[in-house]
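Keep the model open as you read.

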Amino acid sequence: MGIVTKPWKSNHKRSKDYELIRKGYSQRIVREILKGTSNHKLDHLLDLGTGTGQIPACFYSFAKKITGTDPQKERITQANIRFNQKKKVTFRQESAEKIKEKNNTISLVTAAQCYQYFKKDKVIKEIHRVLHPGGKVCILWKYPNQNTWQANVALRIAKKTIKKFRITLPLPRDMEPQLKTLPVLSNLKKHGFENLSYKKITSKYHYSFLDWVSLMTWPMGAGTGTLDPKVLHFIENELYLALQKKGFKNGIFETYDHFLFQGYKKK
Ligand SMILES: C[S@@+](CC[C@H](N)C(=O)[O-])C[C@H]1O[C@@H](n2cnc3c(N)ncnc32)[C@H](O)[C@@H]1O
């Protein structure tokens, strides 16, 4: 049996799981993203590939208006449930390649864990069009830091799982080299952005058991929603035993690296 990629849950359920699993972004990364934007509240934040609205949730108190877009209907449904018709947040089913905002109207555009899916030239052109002069774009990812005991446990179990289920996918344990193959800054430069920067920021999160399963399945090229239940249950069991040995029952700390690419539209 090879890696199983067929979805085993409805998309809606998977979006719900996604929200449970991904715990948003740390205050440190939020502060970093807000640097260089207006000293007062942001007029309008546009979050591309918003998923279930993790970024809007983190920036809620820093913006007057927030729009989140995502091509997946189920993600938008889940995002709407999360914000329960709060007036300043709006979600739309929409791809980042064609943004329904007017020219020069957005203060900050964010794209978290999704740039890899974009048609890059189209999307960056669109971001440039909608940002107001001096507006900022932030493209980011987060990934478990590899220099922790948790990461070592995860790697050991991932290897065991791969052997047992004869999964043939490689283990992309280190995200940074992979990200470097996505030419983010050079693409921003090509489309007229300036003051470009790249930063790696490490923060700690409080994580639950379920998050660990997510952490475990990522190296296998799948989210929890796309793994066969048999594989998932095997991982869950192995994790449970490993965590018990370490004296953890449910909540644990995990260290995450953020990879942040930033640029500004010329004033
Ligand atoms: C890994 S999730 C990240 C969600 C959210 N930004 C977060 O940080 O939790 C990637 C998201 O990118 C979205 N996506 C995929 N292709 C896209 C596109 N062409 N335009 C906009 N979003 C896209 C997917 O639907 C998915 O919700």
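Find Ile162 to begin with: it sits in helix H6. Bear in mind that what you are looking at is a predicted model. Is Ile162 buried, exposed or something in between? It counts as partly exposed, because it has 18 C-beta neighbours inside 10 Å, and being buried would take 20 or more. Now look across to Val231: along the chain, 69 residues separate it from Ile162, yet in space the two C-alpha atoms are 9.2 Å apart.

That pair leads us to two helices that pack together. Two packed helices are described by the angle between their axes and the distance between the axes. Here, H6 covers residues 149-164 and H10 covers residues 229-245; the angle is about 145 degrees, and the axes are 10 Å apart. The crossing of H6 past H10 is right-handed. On the H6 side, the contact is made by Val153, Ile157, Lys160, Thr161 and Lys164, while H10 brings in Val231, Phe234, Ile235, Glu238, Leu239 and Ala242. Sort those residues by class and you get seven nonpolar, three charged and one polar.

Next, the inside of the protein. The largest nonpolar core is made of 36 residues, and Leu45, Val109, Ala111, Ile127, Val137 and Ile139 are the ones with the most contacts inside it. Several elements each supply at least two of its residues, including strand S1 (45-48), strand S4 (106-112), helix H5 (120-130) and strand S5 (131-144). Which of them gives the largest share? That's S5, with six residues.

Leu45 is worth a click. Leaving out residues up to four places away in sequence, Leu45 touches Phe59, Ala63, Ile66, Ser107, Leu108 and Thr110. Apart from this core lies another one, of eleven residues, and Ala158, Val213, Ile235 and Leu239 are among them.

Finally, zoom out. The protein has ten helices and seven strands, and 36% of its 267 residues count as buried. If you take the contacts between residues at least 6 apart in sequence, 77% of them join residues at least 24 apart.

Conventions. Residues are numbered from 1 along each chain as its sequence is written. This is a predicted model: local features need pLDDT of at least 70, side-chain atom pairs count only at pLDDT 80 or more; totals for chains, interfaces and linings use all residues. Axes are lines fitted to C-alpha atoms, for helices over the stretch in contact, and angles run from 0 to 180 degrees between N-to-C directions. Helices (H or I, at least four residues) and strands (E, at least two) are DSSP runs, numbered from the N terminus. A crossing is left-handed if the near helix is turned anticlockwise from the far one by less than a right angle, and right-handed if clockwise. Two residues are in contact if their C-beta atoms, placed from the backbone, lie within 7 Å. Ala, Val, Leu, Ile, Met, Phe, Trp, Tyr, Cys and Pro count as nonpolar, Asp, Glu, Lys and Arg as charged, and the others, Gly among them, as polar. A nonpolar core is a set of buried Ala, Val, Leu, Ile, Met, Phe, Trp, Tyr and Cys residues joined through C-beta atoms within 7 Å. A residue is buried if 20 or more other C-beta atoms lie within 10 Å of its own, exposed if 12 or fewer, and partly exposed in between; C-beta atoms are placed from the backbone.
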